[in-house]
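Trainee: Could we go through this model together, a piece at a time? I'd like to ask as we go.

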Amino acid sequence: MPSFTQGSRWWFSGLVSGGLLVSAGLGGCTGDIGPGPDPTGPDVEALCAAGDLPGPNPRLVRLTHAQYDNTVRALLALPEVSPSAEFLDDAAFAGFTNNAAALLVQPRLARDYQRAAESLSDLVAAPATMAVLVPCDVAAGDEACASEFIETFGKRAFRRPLTSEETQAFAAMYGRGNGKFAGGTPFEQGIRHLVEGFLQSPHFLYRVELSEKLDSDKLIPLTGYEVAARLSYLIWNSTPDDELLLAAENGELDTDAGIEAHARRLVDDPRAESPVDDFHAQWLQLSKYDNVQKDAALYPGFDATVPAAMKEETRRFIRHVVLETSGDLQDLLLSRTTFVNDQLAEIYGLEGTFGSDFTQVELDPAERSGLLTQPGFLASHAYTTMSSPIHRGVFVQRRLLCADIPDPPGDIDTTLPPLSAEIKTTKQQVEVHTSPSGCVGCHTLINAPGYALENFDAVGAWRTTDNGEPVDPTGDFPLDGATTSVNGAIDLVNKLAESDAAGACYLKQWYTYGFAREESEADSCTIEVLNEKFADAGYSPKEMLVAFTLTKTFRFRIQEEIGQ
Amino acid sequence: MRARQSARRNFLRGALGVTLGLPFLESLQKKEAKAGPATNTRLIVMFSCNGVDMDRFWPNTGYGALTSASFNADCGLAPLAPFADRLLLPRGMHMSPRGFGWDASAGDDHAKGMGCKLTARRLIEGSTYADGISVDQHIANAVNPSGTPSLTLMAGWRADGVLGNISYAGSNQPVLAENNPRLAYQDLVGLNNLDDEELARFEARRQSVLDLVQPDYESLLKKKLSKADRDKLQNHFDTVRDLETTINGSIACNLDPTREAELEAINPDTVSNDGEYKKIGQMQLDVLALAIACGATRVGTMMWGSGAGGPIFNWDGLSHQYNHHKLSHGNTMDDNSGGTVAGYTDMLNGIDQWYAEQFAYLLGKLDAYEEADGKSVLDNTAVVYMNELSHGKDHDFRDLPIVIAGSCGGYFKQGDYVKVTAEADTKNDADAPHNKLLTTLCNAMGVPETHFGAADLGEDGEFDQLKA
């Protein structure tokens with residue numbers, strides 16, 4: 001056991017002398033995920049030779065909070081409701097809050113679901129809403145009308161036709177509704193009670209895949225209805241529309257062509273905004289923007305409304321690139337079209353008149369290009385008074401290149417050397433600070449992308465000098481297995497946009513989010529095939545989502561999953 | 001099931017509309033406790049982040065009896081002087097596992113400071129969430145009615161991941177804290193303002209829904225499911241069944257109408273803003289004290305801020321420019337670089353005193369609730385104040401700042417400042433791992449334990465020096 005005496009740096013000396021922790025600490029910093037076989041990873045060739053197999057998809061996937069809201073809005077024709085605003089948040093795993101394995105229903109959420117169902121059933125009592133939901137004149141509502149409601153509403157709530165047992169159970173529930181509400185006809189009370197019942201069923205709260213029959217390949221093909229739900233929740237974060245349910249009923253979703261046709265319809269629908277927005281917010285860690293603070297003397301007026309505007313800019317930018325222009329990762333990294341209000345226009349140094357509304361602008365091609373040159377990213381990866389090449393570089397490596405960069409050691413002195421006659425810039429501070437041999441393994445990856453962004457200060461404004469010295473935005477780092485020199489932000493983002501590693505990483509993260517689980521070995525062939533396709537075509541989210549729906553892992557479950 | 005339900009109905013009818021401070025609180029809270037001796041002991045953990053100013057945190061007098069004279073005006077705990085005879089200050093305890101670089105396992109010092117403090121377990125490589133249940137949830141599972149976990153509340157901005165959580169339902173299962181007191185309160189008392197007739201209708205609706213969904217769960221559970229799917233669904237089903245018999249939007253007590261109106265007026269979009277920190281935090285303490293006093297739960301936690309975070313303090317005489325984490329490093333940055341902030345240790349001391357004031361606020365609330373035996377709720381509670389770290393700038397995990405208030409029904413010493421390490425230097429506290437405190441808390445709550453936390457970390461047994 002090490003001594004408990006203050007200042008005993010046994011761990012640090014272990015690091016320097018090449019102990020166990022050296023390899024542990026640097027193991028993640030030895031390379032990127034460029035092409036070529038990874039000696040430690042799964043044997044993709046062998047896996048692909050055995051045939052593209054489905055990954056381990058759960059049979060029960062609880063709705064995320066965003067999916068719950070979108071679903072009840074569609075189901076109850078109540079476009080304004082947001083019940084999940086009162087739900088307890090889900091925790092993030094592997095960077096995303098939609099990981100199906102972690103979507104548990106702990107007691108508080110169970111009560112949240114109960115309250116939401118009861119409140120929504122109150123809203124359904126409004127005459128205008130009920131009139132839309134039931135297939136008859138509400139005043140003339142009778143048992144026959146209720147039966148029809150159970151059939152049609154039930155199919156939409158459960159994303160499949162009800163079984164006869166379920167139909168009977170809901171018919172009984174309709175009968176039990178009378179007398180359980182303060183007002184309304186027996187019909188109205190029955191409908192309200194049905195609504196709260198449907199919304200608390202596990203067949204509503206989870207996407208349940210009941211299919212169990214093996215095909216000739218010993219795989220379990222999903223039913224058309226199950227495919228419909230996978231399509232709509234993947235591409236809309238919402239429930240299947242009637243067209244999709246009809247397609248399922250007609251067998252259109254039993255073929256690749258039918259699935260692709262509907263996937264293409266869905267990605268071009270405005271509802272595709274929900275997952276696109278949610279994915280990018282989590283991938284880019286936009287929640288960090290909420291906590292951005294800057295030095296009041298250096299940046300007067302930088303209050304909480306500024307990071308809020310930065311977030312809004314990035315969200316609008318992503319919608320524009322991905323949805324409106326059907327762009328790809330290169331466009332996200334290179335587009336100079338963005339959206340600013342007066343606060344952002346000031347940071348960008350734009351001339352003209354701007355107000356609190358956001359307007360579309362074209363940025364200076366010499367200074368700005370895509371996500372990494374937006375003030376939100378730059379300011380949230382900076383200190384209160386100055387830039388931070390390390391934070392920016394770590395983000396590039398971890399989020400854009402999927403490099404496994406460990407956290408910095410906790411027991412080392414993290415003080416940057418003070419400015420002096422020899423150390424005049426932030427870059428020089430970082431260079432001196434990270435030069436010890438125990439640091440260079442990771443910082444060879446981290447520093448250069450950070451240096452390339454040194455023309456941007458703590459709030460993301462353009463600068464050519466740092467502490468009175470000219471900014472030197474150059475550096476070398478390994479990219480796609482080769483040492484790559486970068487000179488400034490524009491050069492960096494162009495090289496990242498061209499790189500295999502950035503494309504593969506973007507795909508991998510979309511795959512994790514899209515299938516709501518961490519990737520497994522069984523996915524590696526599927527991902528490899530997808531990568532081959534998009535490395536040439538460009539990593540367009542719309543096209544990737546369509547391609548996901550044509551994989552085996554989308555349409556089938558594996559036999560091995562059963563009975564475990 | 002049915003029997004429990006009708007018991008609850010009677011309870012609800014009898015208790016509806018009752019406000020706080022009435023002598024039959026004890027009988028209310030004893031309903032349906034399923035394990036442990038028939039006691040009314042409770043546990044609250046109040047947690048703050050970024051360490052403290054260790055030079056002025058502890059009493060200026062030596063070990064032994066605490067009086068109001070034990071706290072100089074600049075002592076970090078000075079606001080607790082009025083409660084001197086209800087305090088127990090254990091000194092010289094280190095976190096188990098220890099800090100990053102000392103015990104090789106996932107997570108940096110902040111991650112460990114948050115994720116290991118109530119679990120005494122390692123963090124998981126990858127997610128960096130803790131690898132096991134936290135002491136609050138463990139005790140709640142044993143002493144609360146089924147389906148009533150430890151109540152987890154917080155104030156301020158919640159960091160994603162391990163830095164935003166102290167409570168765990170199990171390995172890799174963080175229990176997020178509610179940061180909106182209106183929602184926390186609604187969850188406790190949602191149906192309290194219904195009259196008997198309305199309440200009966202609600203209960204009938206809920207029973208009818210349960211009758212509907214129960215066969216769905218049962219038939220799904222008969223299917224061939226992976227273990228993960230089965231556990232997920234079984235857990236959900238158990239919870240749904242428990243809804244019928246637990247707090248379920250109905251405890252017998254309400255906050256006073258003025259306070260209720262203030263909670264109702266909360267803007268959900270600003271609850272985590274710095275400017276709301278004190279207001280929201282004290283509302284949470286009111287809700288927590290109410291829930292504990294009225295028996296909605298016997299265990300709860302209150303987390304102020306997130307690890308490596310914290311607000312910029314600009315109220316109650318504090319006028320800081322940098323957030324708590326930056327100040328903990330003595331400068332303008334989130335590490336030990338950047339310009340030194342003149343007078344930062346005084347600022348940290350001010351923050352320590354401010355949190356001690358909030359702790360005193362909570363103690364005052366609990367002390368105002370009288371139980372049937374004439375004791376206050378505080379007497380029957382162990383209110384434990386813990387911090388992510390000790391010396392913030394060093395990310396130190398030794399000599400942890402811990403305060404225990406209330407004897408937990410006579411289990412703990414009162415009015416005492418006790419060294420728990422055998423060493424003279426309380427930083428040289430290798431013999432006093434904090435998992436023993438968690439073990440002691442379990443036993444104080446009537447949940448027998450010999451070793452809380454990871455079996456290969458820390459030590460067996462309780463801190464006998466703390467027991468009355």
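Trainee: Where does P97(B) lie?

Mentor: P97(B) sits in the loop between strand 3 (87–91) and helix 4 (109–115) of chain B, where helices (H or I, at least four residues) and strands (E, at least two) are DSSP runs numbered from the N terminus. A cis peptide bond, with omega about 0°, joins S96(B) and P97(B). Most peptide bonds are trans, and most residues other than glycine have a negative phi.

Trainee: Before we go on, what sort of model is this?

Mentor: This is a predicted model, in which local features need pLDDT of at least 70 and side-chain atom pairs count only at pLDDT 80 or more, while totals for chains, interfaces and linings use all residues. Residues are numbered from 1 along each chain as its sequence is written, and chains are lettered from A and ligands numbered from 1 in the order in which they are written.

Trainee: OK, back to phi: what is it for N172(B)?

Mentor: Phi of N172(B) is near 60°, a positive value in a residue other than glycine. N172(B) belongs to the loop between strand 5 (168–170) and strand 6 (173–174) of chain B, and with 19 other C-beta atoms within 10 Å it is partly exposed. On that scale a residue is buried if 20 or more other C-beta atoms lie within 10 Å of its own, exposed if 12 or fewer, and partly exposed in between, with C-beta atoms placed from the backbone.

Trainee: And K218(A), buried or exposed?

Mentor: K218(A) is exposed, with 9 other C-beta atoms within 10 Å. K218(A) also has a positive phi, about 65°, although it is not a glycine, and its loop runs between strand 2 (206–208) and strand 3 (219–221) of chain A.

Trainee: Switching to G309(B), why does that one count as buried?

Mentor: G309(B) counts as buried because it has 22 C-beta neighbours inside 10 Å. G309(B) is found in the loop between strand 7 (299–304) and helix 11 (324–328) of chain B. Leaving aside neighbours within four places in sequence, G309(B) is in contact with C49(B), W157(B), A159(B), N323(B) and H325(B), a contact being two residues whose C-beta atoms, placed from the backbone, lie within 7 Å.

Trainee: How much of chain B is buried?

Mentor: Of the 468 residues in chain B, 60% are buried. Chain B has 13 helices and 10 strands, and of its contacts with a separation of 6 or more, 69% are between residues 24 or more positions apart.

Trainee: How many residues of helix 6 of chain B are buried?

Mentor: Nine of the nine residues of helix 6 (residues 181–189) of chain B are buried. They pack against helix 5 of chain A, together with strand 4 (151–155), helix 9 (257–264) and helix 10 (277–293) of chain B.

Trainee: How does helix 6 of chain B cross helix 10 of chain B?

Mentor: Their axes come within 9 Å and cross at roughly 15°, which makes helix 6 of chain B roughly parallel to helix 10 of chain B. The axes are lines fitted to C-alpha atoms, for helices over the stretch in contact, with angles from 0 to 180 degrees between N-to-C directions, and angles under 35 degrees count as roughly parallel, over 145 as roughly antiparallel, 65 to 115 as roughly perpendicular and the rest as oblique. P181(B), A184(B), Y185(B) and L188(B) in helix 6 of chain B meet I280(B), M283(B), Q284(B), V287(B) and A291(B) in helix 10 of chain B.

Trainee: And helix 8 of chain A with helix 9 of chain A?

Mentor: The axes of helix 8 (residues 164–177) of chain A and helix 9 (residues 186–198) of chain A come within 7 Å and cross at roughly 130°, and these helices are therefore oblique to each other.

Trainee: How many residues of chain A are in contact with chain B?

Mentor: 63 residues of chain A are in contact with 67 residues of chain B. Helix 5 of chain A gives the largest share of the side of chain A that touches chain B, six residues.

Trainee: Last topic: how many residues has the largest nonpolar core?

Mentor: The largest nonpolar core has 153 residues, with L333(A) and V493(A) among those that have the most contacts inside it. Such a core is a set of buried Ala, Val, Leu, Ile, Met, Phe, Trp, Tyr and Cys residues joined through C-beta atoms within 7 Å. Its largest share, nine residues, comes from helix 23 (residues 500–514) of chain A.
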